[in-house]
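Here is a short report on a structure. The sequence and coordinates come first, then the notes.

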Amino acid sequence: MNTARWKKYGTSYLFLIPSFAFVFAFLYYPMILAFFHSFTKWNLVTSEWIGFDNYRNMFSDAIFRKGMLNQLIYTVTDVVKSIIFPLAAAELIYLIGGSRLKYIFRTGFILPMLFPGIVTILLWQNMYDPTNGLINQVLLSFGLDSWTRPWLGDENTALWALIALGFPFISGLNFLIFYASIGNLSQDQIEAAKIDGANGWQVLTRIHLPLLIPQFKLVTILTIIGSLQDFVKILVMTDGGPGTATINPAILMYKAAFGSSEYGYGSAIGVALFLVILALTIFNLKVLKTDH
Amino acid sequence: MSARMPKWIGGTVLVLLLVLTLIPVLMLLVFSLRDNLDILIDFWSLPDTPKWANYTEAWKVVKDSIGNSLFVCVVTVIGAVFIGSLSGYVFARHQFPLKGLLFLLLIGVMMIPSLLTIVPLYATISNLNMTNSFWGLILPYIAGTQLLGIMLTRTFFESLPEELFEAARMDGASEWYLYLRIAMPLCIPILITVGIVTFLSVYSDYLWPFIVLKQENQTFTMAAVSLNRAGSSDLGLSTAGYAIGSIPTIIVILFGMKYYIEGMVSGAVKS
Amino acid sequence: MKKIISLITALVLVMTVLAACSSNSGGNGNSNTGTNAGTNAGTEGDEASKETRTVVFATITNYYTDGLKQAAEEYTKLHPETKVTIDIATDNSAFITSFQAKMAAGGKDAPDIVHANLTGDSPDNNLNKGWLLPLDEFAKKPNPYNNDVSIYDGVDEKYHPNMMTASGKIFMLPFDLVGTGFYYNKKIFEEVGITEAPTTWEDLFAALQKIKEKNYIPLAMPFNIAADYEGWMRSAFMDWTARSLIPEILVQPGDARNTPDVEAVNSKIKYEPGNPMFDVGGIIDEERVQILAQEGRYDNQGAAEQKYWTTLKELSKFYQPGYATTSDADLYKLFISGKAAVYWNGSWQVGQLVQDQQKLGDKGFEWGTFKFPTYKEKDPNFPDEPRGILVPGHQLSIVNKKDAEQQKRTEDFLQYLFSPEVAQKVYETTLAAGQFVQGPSLVKGVTLSDEINAYLEGFKVSGNMNGSLGTLSGGNTNNDQTLLTEAKALQLQYYMDKIDLAEFLKQKAEFAKKANKKFIEASKFDLDVKTNP
């Protein structure tokens, strides 16, 4: 590389060195190991090369396919949930105005981040509880006895009960991302639109939403990553059941690795998840490309 | 849709959303004053008499661990915010060969399920003789959490107007100056966001410290989980532990939010 | 130029941090249990035996916490050069992950003694991986703390087979027994007019029906894979119907896995109707189990299968609503709060129940236990009596740390713990501290109070069921989580009336074939008992 090019690009690469140094030191080796072992039968001590067998077994496994299907539903709903509700909360705070009120709401919405998620999970477990859960109790008091059911134990409702868990789905991070960016939007454009007679809804749909596309992309990518790796909630609530009604690939990966000591197979599921997330991310970045 | 939505409708919806969001926090505080057996028998009721003993007992177990957690969190946040925003700045404002690929090489790491990397990562830490050391937590944490910082700051640095940078470059400012003196101050809210999120995710992590550290050096979550000592879980005691452990994080958040708002104000000024 | 300097500053910063940690780490770690591991392996000298070492004893939740801690303290008084720390795992899945990570990294930070259920792999795999030590030689060594009676001879011989892996090596030392039985709420039983605990399936169903009509939950049953205690019932049924086949699955003279010790026990075993103790101590050969399964000597769609699966399905009508996904912790909640009348669970809950009932005082209820029932009318497919479910609970294995001195210290502490006096004290200290024991001790000479014994009544059984026979019915899943999920889903379809009994048994037979095929491959069996893979 000649000096002119060095001068031009050198700083860029130099600035990236710290990030790469850390990732090289701590994350690439485990990643590469996982990739390699997805082609082996591995119990952490001995590994035996078996080519694509893990992948073949995975795709011929009806439970894995069922898990992928469930995952599709989880991920799509997760993305919708993670955009609509935090965005609505952030927009409404700006709508009502008043710096003191803003402060209270803003702090209120991020407060749950400080506490362990397990309390939320327990709370919902007790909402859905067939015997003395809140939902069935309310239905009974309205005389809707036939509507009561074991929400998590019935294969027709279990998946949707898990999806509804956590309502109103306002995660602190997504809320902060939207709140910060709405605050950063150029006020001139909005004022101009208002003078032209645009109402609140039009300001939202015509000005806010298009300007927030980078944030939508960001939240979508982060949500997809979180969604495909999430298994703790499902493990605690239903353990993937009843039968296979709520199972997902991440649970299967967890159980293969730490339950059956089949790290090779677990790695193959992990690599498959990685490829899916990567494909979705590239799609997200390319297709929803914004010009500025 | 009516032409103008009355403010009170928005207000009501907002209050409703806030209350629903805060219910788990309220439940946690109620549990922390109840006896575990009492919770087992009737989940929804309030305590007859608040059981403050939960707090005194939990305090004995968690008190030493909070300082450990704060040390790990603060060092990680400083490292991750600095390194992450530096890369975020480059990806947002520079054009150079292989940019797309390098970006994917970094954020691609986030897409590997962390469960798979735990065992090999521990081997790395063990080879570096960092087991039972706080650095065995901090360094991998920086490596992992900076990635979110890169993504977030990139998005925000990209939204800054190019003229700002052009003008400074004309005046002969270095890239380092542009990053530190122009880009950073304008993006305080997002840096605070990254800091808060990094802080909280590190503070609440359980599995990795549990593997790396011994009990004598335990972090807050390790201590809190060890409060579940009744054979199954002891909800009363452990929620009291979590309530105690949330005090430093509340201070961090309130402190952070102050600068968050100041940053927002300066962000508004620039445009 | 300026920018380059600042950049270099940044880099140096990172490097300093990196360097600082590698140099700091030594000073940060307070205890150095692992520093000599590996390098010192094999070198035994005066120096090594005098130096202070720590032995880490890791076990599940809080069983024996205070008792073990006291034993550790008193041991250190006797042997100041060895400190024993008791490490209690409050989160089992995190512990397993941690154990595997530490062992994969060479094991220097792993505990020295570990509960065998906390390793996340089968006993044989653990020995093959070199993670746990085979204990055949150690267990049979004279124990100086017990008048030179070895640990092996110092524990109840009925449970010797449980100490062994599928391929016949000793992998753990059993400290106590756990069993499964029914807990029942006497208050609810009185309310519906039942004074005697049921002993037959017919009486049980009648009782559960009456309870159901009073709007109680009749039976709290742990059903999902994470705590599938209904599986203990399935095993009990299999042992009941196919017990006569046991002699055929024992290791036999001429087999590759035969040894004089094994032959001495196995050669005495003959099936005798009416003698539930006929197979005490017998050593099973899993390859022979597979051969028997292939020969189809047991019809896994036959009359016996039809009968017990019908019984189980009828029982499932009384399970708590949503039983497919309820967790074990929720079931305890149903029973202690008086919402469920009967609770099928392990003897390890006795201590917790005693403790919680004391706390509840007036709000509590009287309770008792009863056994797995029989049929009122003798069924030729279910001869004899059902045998109970009692297996070792606190199973102690030694972690292979490749350090002879460390191993010596660990072994010495275990010998101390397995002396009758110390074991008795562990029980007494634990109970006095208001904590709980899991069940009766296996160390000969340890006795329990009358109160605890009375509660354990429902778990006391004559003879012990053989767990290997289940393979003939549903295949050996070898704890493969995917297979377990598949089996559970199939069972649920039958319980939920999605498929009828015949279809269920047909699909289960196919599943058993698939599972056994996988197990044979994993075990590298050639189905020739004269060779040992």
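In this predicted model, residues 178-203 of chain B are 96% helix and 0% strand, with end C-alpha atoms 32 Å apart. Helices (H or I, at least four residues) and strands (E, at least two) are DSSP runs, numbered from the N terminus. Residues 134-157 of chain B give 96% helix and 0% strand, and their end C-alpha atoms are 32 Å apart.

Residues are numbered from 1 along each chain as its sequence is written, while chains are lettered from A and ligands numbered from 1 in the order in which they are written. Because the model is predicted, local features need pLDDT of at least 70 and side-chain atom pairs count only at pLDDT 80 or more, whereas totals for chains, interfaces and linings use all residues.

Where does B:P50 sit? B:P50 is in the loop between α2 (36-41) and α3 (53-93) of chain B. B:P50 counts as partly exposed because it has 13 C-beta neighbours inside 10 Å. The cut-offs are 20 or more other C-beta atoms within 10 Å for buried, 12 or fewer for exposed, and partly exposed in between, with C-beta atoms placed from the backbone. The C-alpha atom of B:P50 is 8.7 Å from that of B:S32, 18 residues away along the chain.

Chain A has 14 helices and two strands. Its C-alpha atoms fill a box of roughly 80 × 70 × 30 Å along the principal axes. Of its 292 residues, 49% count as buried.

Helix α8 (residues 172-184) of chain A has 13 residues and reaches 18 Å from first to last C-alpha, close to the expected 18 Å. That expectation is 1.5 Å times one less than the number of residues. Twelve of the 13 residues of α8(A) are buried, so the helix is largely enclosed by the rest of the structure. Among them are A:F175, A:F178 and A:Y179.

Chain A also meets chain C: 32 residues of chain A contact 37 of chain C, a contact being C-beta atoms, placed from the backbone, within 7 Å. On the chain A side, α1 (3-37) and α13 (249-259) are the elements giving two or more residues.

Definitions and conventions: Two residues are in contact if their C-beta atoms, placed from the backbone, lie within 7 Å.
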